[in-house]
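Hi,

Here is the structure I promised to pass on. Have a look, and then read my notes below.

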Amino acid sequence: MPDQAVSRDGQWTTDWEQVLAKRTARMTSSMIRETLKLMSTPGMISFGGGNPAPELFPLREFQEACRYVLEHEGPASLQYGVTEGYPPLKQYLLEKMRKYGVPAEEENILIVNGSQQALDLVGKIFLDPGDTVLTDGPTYLGAIQAWNAYEARFVTVPLDDDGTRVDLVEDILKREKVKFIYSLPNFHNPAGVTLSLQRRHQLVDLAARYGTFIIEDDPYGELRFEGEDLTPIIVLHKENTIYLSTFSKTLSPGIRLGWIVAPGKALRRLVQAKQAADLHTSMFTQMVAYDICQRGFLRPHVKRIRDTYRERCRVMLAAMDKYFPPGLRWTRPLGGLFLWVILPKGMDSIELLKEAVAEKVAFIPGPAFYPDGSGQHTFRMTFATASPEMIEEGVERLAKAIERQMKS
Ligand SMILES: Cc1ncc(COP(=O)(O)O)c(C=O)c1O
C-alpha cells in the first residue's frame, strides 16, 4: 500500500495529512477566529474581531430589495451570470470611484466575493513560490494568510502615526526584488493609522522607480469620521496600482461583495483566475446590493455608521487616557474600526490576553498581524461593536489586567 493510505480495522483509507500539497504547510487558521470564540463567553466584552456593528445592518432595506429583485428581475436573479459582475452594479461603482478621482472604465472593474477573494486572486496570478511581498509590520492578517498559501516571502516596514515608514522602503527595494507593495492607506487594519499624502506620493514614486506595483487595499476609506479624505494611491499612479474595496464595512460583510479596479491587462487575468475559482459572484446578491445603492440609501447610512464609530472611538480613547497605566502608547484613529496599543518592551500580549480573559475582556494580540509572528508587545482593539458603556467598562477591566501583568 502507498504510504498515503493507512489501515484501520483492515480497511485502507487515505491519510489526509500525507496527501496534502506542500504549500498547505504555510496555511494556518487565524488567531482572530480563535479569539472570536471567546466572544460568546457570558459577560465577555470583546474588543477582538473586526466585525462592523450589527445593529447598523440595514435589515429592512435588504428585505425590501430582495422582494423587489425577485419580482422585477425574476429568474435572471437566480441564474448564472458573467464573471466580471452585474453590469449596473459595476456602473454604479465606477461612478463612485470617479467621484474619488479614479478614472476607471468598464474594462477596469471586477466584482468579487469580498476583498478577501481579491487578495487570493492577486496571490494566484502574481505570486510564484518565494516571491517577495513588501507589507507593513503589522499588516492585515487575511493578506498574510492568502499569500502564505502561494508561498510568498514577506518583508516588512514599520509604521508610525503617518502610516508606512516610507523613508525605509527605498533601502528594501534596493536590496530585494519586490513583486509588489501591499498598502493599507486609510485607517489601517490593525494599526488604525492613515498614510499621509506626502508619503503616498513618495511610495508611488519609489514603486515606479524600482519597477514594482502597489496593491491598495481600502475597505475603510468611507469610514472617515475626522478630517478630510486623502487622494487614493490609484489616482496618483493608475497604471501601477490595483485597488480593492468592499461593501463589508458599509452595507454588510455577510453578503461577501467587494470589487477590484485594475489596469485592463491585469484585470483580464484576475477575471480568468476568478472564473476558475467560482465562476462569478452571486447575481442575486449583486442585484440586491445594487437596488439598495441606486435608491440613494448608502450615503446617509454611511453617515450614521461614521457618527456611531466616531462616538465609540472617542469613548474608548477617553477611557484609555483615564484608566491605562503610564508606559503604554496607542494610536488615535481618524476613521475605521481599530486602534493599536504598544506595551512597554518585554511585555507579552499573548500572556496579557490570558489575564484579560480572566477579567472578561478580549483583544487580538499583535503577533497575529506580523508575518514573522513578532510584535509581542502590541495588540489591536476595535471600538466598533461594543456600546459606549461597555467600552468604558471593558477598558477599565483591561487596565486592571495590564497593571497586574506589569507587576508580575
Ligand atoms: C484590510 C482588509 N482587507 C480586506 C478585508 C476583507 O474584507 P471582505 O469582507 O471584503 O472580504 C478586510 C476585512 O476586515 C480588511 O480589514
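Predicted model: local features only at pLDDT ≥ 70, side-chain atom pairs only at ≥ 80, totals over all residues.

Residues are numbered from 1 along each chain as its sequence is written, and side-chain values use heavy atoms, with hydrogens and water left out.

The largest nonpolar core has 44 residues, of which Tyr 309, Phe 324, Met 381 and Val 395 touch the most other members. (Such a core is a set of buried Ala, Val, Leu, Ile, Met, Phe, Trp, Tyr and Cys residues joined through side-chain atoms within 4.5 Å; buried means under 20% relative accessible area, exposed over 50%, and partly exposed in between, with a 1.4 Å probe and protein chains only.) Helix α11 gives the most to this core, with nine residues; helices (H or I, at least four residues) and strands (E, at least two) are DSSP runs, numbered from the N terminus.

Phe 338 sits in strand β13 and is buried, at 1% relative accessible area. Its C-alpha atom is 9.1 Å from that of Phe 47, 291 residues away along the chain.

There are 26 salt bridges, each a side-chain nitrogen of Lys or Arg within 4 Å of a carboxyl oxygen of Asp or Glu. In helix α13, Glu 393 and Arg 397 lie four residues apart, about one turn, and pair with their closest N and O atoms 2.9 Å apart. Glu 393 is partly exposed at 31%, whereas Arg 397 is buried at 17%.

Enjoy exploring!
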